[in-house]
Amino acid sequence: MPKRITALTYLIPFLFCLSPAWAAAAHPDPVTVIRAGKLIDVEAARVLSNQIILVRDGKIQAVGDNVQVPADAHVIDLSSMTVLPGLVDCHTHLADLANAEPLTLLRMSAAETAYAAIPNARVTLLAGFTTVRDVGVYRAFNDVAMRDAIAKGIIIGPRMYVAGAYITISEGAGAMTGLAPDIQLPLDFHYGEANSPWEVRQRIRELAHRGADHIKILTTGAVLTHGSNPKSVEFTPEEIDAAVDEARNFGLRVEAHAHAPEGIKNAIRAGVASVEHATLIDDEGIALAKKHGTYLDMDIYDEECIQSSPDTPADFLAHDRDLAEAQRRNFTKAVKAGVKMTFGTDAGVCPHGINARQFAFMVKYGMTPMQAIQAATVNAADLIGHSELFGSIKAGKSADIIAVQGDPLANIRVLEDVSFVMKEGTVYKQDGHPVGAAL
Ligand SMILES: [Zn+2]
């Protein structure tokens, strides 16, 4: 067959010239050396000076103050900065609209929603979050598609671990509520609804085979759901037990959305990996979390966004008002008790890309700056189950590395303005500006 020369054949070299981003993503420098003035060793909770990080094929090959620098290495000088592992947000909703009113989605096609969500992923990465655990989406599997598009380099964003859908009771906290009773939603809007242990198992079997990385179950009512009462319990202990057991069969962990104390305790007793929000956790719940080694993933900074957004429906405001302060008080109690904690913001409630603002709240309500950073690095990697891949700057791990001006241990707010972002060895931000594929 004769070789066909098409316009695209001629265009390909130009595309690569014009778009160094794609070229960079496809062919990362073989060896990159980062000179780190200060490096936060999150595992040992200490700060190291004048470190050299050797990056090859997207992985960290060596770290230390005495690493041999190859002659042909591409050197990135961060000697005036503080270098940290890429941050991890354990509670995001990247594949949905950043809009407080879920019913807005009914005016959009699935494709329209997916395209509208692309910037959510981009700004999250540029804010220094190289990994997220994304904990649910109203249109089932939009998050699976986004995760895969990022992994293939079609769009840019953090490495995503996704839930696929919400496991929720009918008309529950993860359901699309507020519709007239005779409106029937398409399947993708109620994919995860289940009303018995066996229905829970069926949903989880389907999600496991269709791309979910973990399972999100909602065991109490919600703040941001029409007709919901955050203080009500959803699902029976039998149903939650079934969820954790079935997920375990597929090697998946379960996270439970829960505000009310009984819903929190039902989830912990069932063996979930984390409780999301944990708003009204009581002393017994704190003791149980400690005993079971359950992570609490408490989004303590988004109250202002909920109350100040012009889009927030009035019933959501009423749900939220009396809960926010209680959640912050309980966060302080849990930190004091030594419960395992992760960093999770519920991004999408506040605009995507300002996730790091939560650090200051975590410090204000009881953590040391080092503990807050550990929550978003080592602890997050442990919760997600991939400590071998990310969460610290160690040989063998993915080269997910960020840098900031100043000392985050003295002023945690410097994390709100990340200067440098590398994910899997590719640089997306340098000197505070997007570069390469992020342009
Ligand atoms: Zn959420």
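## Surface and overall dimensions

Accessible areas come from the Shrake-Rupley method with a 1.4 Å probe, and for residues only the protein chains shown count as cover. On that basis the accessible surface of the protein comes to about 18,200 Å², and 55% of this surface belongs to carbon and sulfur atoms. This is a predicted model, in which local features need pLDDT of at least 70 and side-chain atom pairs count only at pLDDT 80 or more, while totals for chains, interfaces and linings use all residues. Residues are numbered from 1 along each chain as its sequence is written, and side-chain values use heavy atoms, with hydrogens and water left out.

The C-alpha trace spans about 65 × 65 × 45 Å along its principal axes. The radius of gyration is taken over C-alpha atoms, and the globule rule is 2.2 Å times the number of residues to the power 0.38. For 439 residues a compact globule would have a radius near 22 Å, and the protein's 22 Å agrees with this.

## Secondary structure and packing

The protein has 14 helices and 17 strands; these are DSSP runs numbered from the N terminus, with helices being H or I of at least four residues and strands being E of at least two. Of the 439 residues, 56% are buried, where buried means under 20% relative accessible area, exposed over 50% and partly exposed in between (1.4 Å probe, protein chains only). Contact means heavy atoms within 4.5 Å. Among contacts with a separation of 6 or more, 70% are between residues 24 or more positions apart.

## Zinc site

The zinc ion has three protein donors: His91 (NE2), His93 (NE2) and Asp346 (OD), lying 2.1 to 2.2 Å from it. Donors are N, O and S atoms within 2.8 Å of the metal (3.2 Å for Na, K and Ca), and water is not among the atoms, so sites may look incomplete. The donor spacing in sequence is H-x1-H-x252-D. Both His91 and His93 are buried.

## Nonpolar cores

In soluble globular proteins, nonpolar side chains tend to be buried together. A nonpolar core is here a set of buried Ala, Val, Leu, Ile, Met, Phe, Trp, Tyr and Cys residues joined through side-chain atoms within 4.5 Å. The largest one has 69 residues, and Leu296, Phe331, Met341 and Phe359 have the most contacts inside it. A second, separate core has 17 residues, including Val55, Val83, Ala399 and Val427.

Beyond its neighbours within four places in sequence, Met341 is in contact with residues including Tyr295, Leu296, Phe331, Val335 and Met367. Gly293 lies in the loop between α8 and β12 (295–297) and is partly exposed, at 29% relative accessible area.

## Helix α7

Helix α7 covers residues 261–270, and seven of its 10 residues are buried. These are Gly263, Ile264, Lys265, Asn266, Ala267, Ile268 and Ala270. Their cover includes α6 (237–249), β10 (254–258), β11 (274–277) and α8 (283–292). Gly271 follows α7 and has a positive phi, near 100°.

## Buried loop residues

Thr377 sits in the loop between α13 (369–375) and α14 (378–384) and is buried, at 0% relative accessibility. A polar atom of the Thr377 side chain lies 2.7 Å from the backbone oxygen of Ile373. Apart from residues up to four places away in sequence, Thr377 touches Val42, Pro85, Gly86, Leu87 and Gly391. Tyr365, in the loop between α12 (357–364) and α13, is buried at 14% relative accessible area. With residues up to four places away left out, Tyr365 touches Ile300, Glu325, Arg328, Phe331 and Thr332. Tyr365 and Ser387 are 22 residues apart in sequence, and their C-alpha atoms are 27 Å apart.

Ser228 is in the loop between β9 (215–218) and α6 and is buried, with a relative accessible area of 9%. A polar atom of its side chain lies 2.8 Å from the backbone nitrogen of Ala222.

Most residues other than glycine have a negative phi. Phe235 has a positive value, near 70°; Phe235 is in the loop between β9 and α6 and is buried, at 6% relative accessibility. Ala278 also has a positive phi, near 50°. Ala278 lies in the loop between β11 and α8 and is buried, with a relative accessible area of 0%.

Conventions: Polar contact = N/O pair within 3.5 Å; in protein donor to acceptor, adjacent residues only side chain to side chain.
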